[in-house]
Amino acid sequence: MSDETTGTPAGPQPEPIRFFGTTWVDHTAGYAARRAAVAVGSLAAAVAACFVLRFAYEGLEVADVGGLVNLMVVVMFAVCSALAFRHTSGAFTKRPDPDRQSSLRGLLAIGFIGSLLAYFFRALVEAPGEKLNREEYEAAREQYERRSKRRTGNPSKKRRNS
């Protein structure tokens, strides 16, 4: 059964993933090349970000702010990156709580290198978020199939017992 005007199948539609659209469903339209490009791009962005942070650290050394401030900056970026990595990789397997997500926005911005690395490692295995979207899509399709099987036929043509 399909929608005659758009040509799309009836029932739930897959949710598009950034950079992949809905190609994650059947791995078509350059899915593997997109995964490789996403992995290389996120790794390149992480490396570029490390260079930017190194320039910032050198700026602190030139400003001679002291060893304690330098140490605090390094520890802050390391801890925030580790937490961002953990949070981002967890968000690929289950939907994050929106309230918690908004409260962690600052930490994720500081630890952006961790998020980029999580994106890189996930892209080596699958499209980031594919597993979660596939589980939700298959559950929705299954539920739709169960509902549509129960409602077969035209109810007005049913024989009534009198």
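Biologist: Which secondary-structure elements does the protein have?

Modeller: The predicted model contains six helices and zero strands. Read from the N terminus, the order of elements is α-α-α-α-α-α.

Biologist: What share of the residues is buried?

Modeller: Of the 162 residues in the protein, 23% are buried.

Biologist: And the contacts, what share joins residues 24 or more positions apart?

Modeller: Among contacts with a separation of 6 or more, 69% link residues 24 or more positions apart.

Biologist: Let us turn to helix packing. How do helix 1 and helix 5 cross?

Modeller: Helix 1 covers residues 31-63 and helix 5 covers residues 112-125; their axes come within 8 Å and cross at roughly 160°. Angles over 145 degrees count as roughly antiparallel, and the two helices are therefore roughly antiparallel to each other.

Biologist: Is that crossing left-handed or right-handed?

Modeller: The crossing of helix 1 and helix 5 is left-handed.

Biologist: Which residues meet there?

Modeller: Helix 1 contributes R35, V38, A39, S42, L43, A45, A46, A49, C50 and L53. Helix 5 contributes F112, I113, L116, L117, Y119, F120, A123, L124 and V125. By class, the residues of this contact of helix 1 with helix 5 are 17 nonpolar, one polar and one charged.

Biologist: What about helix 5 itself, how many residues does it have and how far does it reach?

Modeller: Helix 5 has 14 residues and spans 21 Å from its first C-alpha to its last, which is close to the 20 Å expected at 1.5 Å a residue.

Biologist: Which of its residues are buried, in helix 5?

Modeller: The buried residues of helix 5 are I113, G114, S115, A118, Y119, F120, R122 and A123.

Biologist: What covers those buried residues of helix 5?

Modeller: The cover includes helix 1, helix 2 (67-91) and helix 4 (105-110).

Biologist: Back to helix 1, then. At what angle does helix 1 cross helix 2?

Modeller: Their axes cross at roughly 165° and come within 10 Å. That angle makes helix 1 roughly antiparallel to helix 2. The crossing of helix 1 and helix 2 is right-handed.

Biologist: Which residues make the contact of helix 1 and helix 2?

Modeller: L53, Y57, L60 and E61 of helix 1 touch N70, V73, V74 and F77 of helix 2. The classes in the contact of helix 1 with helix 2 are six nonpolar, one polar and one charged.

Key:
Residues are numbered from 1 along each chain as its sequence is written. This is a predicted model: local features need pLDDT of at least 70, side-chain atom pairs count only at pLDDT 80 or more; totals for chains, interfaces and linings use all residues. Side-chain values use heavy atoms; hydrogens and water are left out. Axes are lines fitted to C-alpha atoms, for helices over the stretch in contact, and angles run from 0 to 180 degrees between N-to-C directions. Helices (H or I, at least four residues) and strands (E, at least two) are DSSP runs, numbered from the N terminus. Angles under 35 degrees count as roughly parallel, over 145 as roughly antiparallel, 65 to 115 as roughly perpendicular and the rest as oblique. A crossing is left-handed if the near helix is turned anticlockwise from the far one by less than a right angle, and right-handed if clockwise. Contact means heavy atoms within 4.5 Å. Ala, Val, Leu, Ile, Met, Phe, Trp, Tyr, Cys and Pro count as nonpolar, Asp, Glu, Lys and Arg as charged, and the others, Gly among them, as polar. The expected span of a helix is 1.5 Å times one less than its number of residues. Buried means under 20% relative accessible area, exposed over 50%, partly exposed in between (1.4 Å probe, protein chains only).
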